[in-house]
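Let's take a friendly walk through this structure together. Keep the viewer open as you read.

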Amino acid sequence: MQKILETIMSAEGSTDPDKELAGVAGLPVPETYRGVVVRADETSMFDGLAAKDKDPRKSLHVQEVPTPELAPGEALVAVMASAINYNTVWTSIFEPLSTFKFLKKYGRVSALTKRHDLPYHVVGSDAAGVVLRVGPGVTKWAAGDEVVAHCLSVELEDAAGHDDTMLDPQQRIWGFETNFGGLAELAVVKANQLMPKPRHLSWEEAASPGLVNSTAYRQLVSQHGAQMKQGDVVLIWGASGGLGGYATQLALNGGAIPVCVVSSPDKAELCRRMGAELVIDRSDFRFWRDEQTQDTDEWRRFGERVRELTGGEDPDIVFEHPGRETFGVSVYVAKRGGTIVTCASTSGFLHQYDNRYLWMNLKRIIGSHFANYREAWEANRLVALGRIHPTVSRTYPLEQTGQAAYEVHRNAHQGKVGVRCLSPADGLGVRDAELRARHEAEINRFRGQ
């Protein structure tokens with residue numbers, strides 16, 4: 001592993017980094033590597049605790065694991081950096097169910113997928129690094145290519161997946177519903193998960209947009225989502241967070257009008273630094289009187305606040321992901337004929353809303369889950385062009401992944417939390433210094449938060 005890292009590091013400051021990186025093709029593949037895992041024999045460790053009291057630092061372990069054989073259509077990547085997503089938090093606290101159930105189910109698909117059914121689960125759904133090897137049938141990528149990986153894993157043997165790969169019956173999220181994820185020194189991906197690494201970004205910056213930027217792109221921009229257009233008023237919950245930070249940028253970049261909902265003055269300031277002008281501090285509102293009863297007066301007051309900011313307009317689109325805590329008010333405030341598009345439920349999966357406001361006002365609820373390859377590619381292209389910027393606020397070394405997940409679980413973070421896997425320090429991997437210099441302030445605006 002050290003020789004691999006030395007070869008990758010030789011590209012730093014080189015006049016021909018691609019030539020230096022091609023040298024990884026001649027290096028042997030390590031028999032083992034370090035990965036962040038949860039263990040099957042620990043799935044009951046948090047039984048009886050509330051979700052908020054479950055501690056990822058106790059369940060996420062860095063351990064040496066065997067390097068799997070590559071299957072046709074796969075690639076082995078030396079992971080320089082990864083990032084924390086909420087699915088890693090769910091994995092670490094074994095909610096809403098143990099991910100070992102996913103691995104067992106995947107293991108029954110074929111002799112090759114049986115590799116994933118193990119007593120440990122290497123987690124992580126983001127990665128930036130260098131291709132080490134490719135399996136049979138891979139022609140688009142080669143050893144030495146600098147890449148980022150999106151997290152859609154599909155088999156594409158069913159007709160249902162060929163109009164929208166997210167509808168493939170064998171669609172899974174890599175590193176959550178499959179093994180060999182990105183929070184590790186090596187990762188196994190399908191070749192159609194790979195995309196070019198944006199050359200003006202460091203490893204940890206390049207690793208951070210994959211899951212959340214692609215998810216936000218499908219939710220807002222794609223034909224499979226809300227199909228956002230210029231001038232749309234877009235209400236964005238958690239607008240300075242992992243998902244919301246990209247939704248805010250996509251809205252601004254696409255000519256829409258974001259109304260950013262945050263939970264503190266610091267987060268409000270981050271939204272303004274991204275260019276948003278309309279910001280609501282949600283700590284001024286209480287949408288639930290108690291655990292069973294929502295406060296419709298607060299819905300109304302929140303809607304009035306949105307109208308104050310927009311000059312009397314209701315949201316054309318509500319960008320939903322908190323779930324239970326906010327879904328009732330989201331349905332209420334969307335404009336007549338408007339769209340609520342939801343991709344997650346970080347505050348609870350059982351949503352309650354008043355259906356009268358949906359059906360009588362002809363609103364729509366769209367369920368959205370990650371993105372297909374084309375959507376992920378387009379989202380990554382916007383990053384590579386310098387139109388959308390990473391939202392990394394802090395990074396941790398691989399050994400402290402548990403602490404990084406703990407911060408995300410407690411919502412004690414801004415933007416994305418990165419993890420350095422093989423990369424020994426922040427700031428490495430930049431190949432286009434000129435493009436970076438033009439966007440340095442935007443790239444770093446979440447740093448230090």
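This is a predicted model: local features need pLDDT of at least 70, side-chain atom pairs count only at pLDDT 80 or more; totals for chains, interfaces and linings use all residues.

Residues are numbered from 1 along each chain as its sequence is written, and side-chain values use heavy atoms, with hydrogens and water left out.

An unreviewed UniProt entry places the feature "domain: Enoyl reductase (ER)" at residues 55–419; UniProt positions follow the numbering used here, feature names are shortened, and annotations may be inferred rather than shown by experiment. Helices (H or I, at least four residues) and strands (E, at least two) are DSSP runs, numbered from the N terminus.

Now for the charged side chains. Searching the whole structure turns up 36 salt bridges, each defined as a side-chain nitrogen of Lys or Arg within 4 Å of a carboxyl oxygen of Asp or Glu. Side chains of opposite charge can pair when their charged atoms come close.

An α-helix has 3.6 residues a turn, so residues three or four places apart point the same way. Glu298 is buried at a relative accessible area of 12%, whereas Arg301 is partly exposed at 35%. Buried here means under 20% relative accessible area, exposed over 50%, and partly exposed in between (1.4 Å probe, protein chains only).

Further along H10, Glu308 and Arg305 are again three residues apart, about one turn of the helix, and their closest N and O atoms are 3.0 Å apart in a salt bridge. Glu308 is exposed at 58% relative accessibility, and Arg305 is partly exposed at 30%. Arg307, partly exposed at 44%, forms a salt bridge with Asp314, with 2.7 Å between the closest N and O atoms.

Elsewhere, a network of salt bridges links Glu204, Glu205, Arg420, Asp426, Arg436, Glu440 and Arg447.

Finally, why is helix H7 (residues 210–220) largely enclosed by the rest of the structure? Because 11 of its 11 residues are buried, including Asn213, Tyr217, Arg218 and Gln219.
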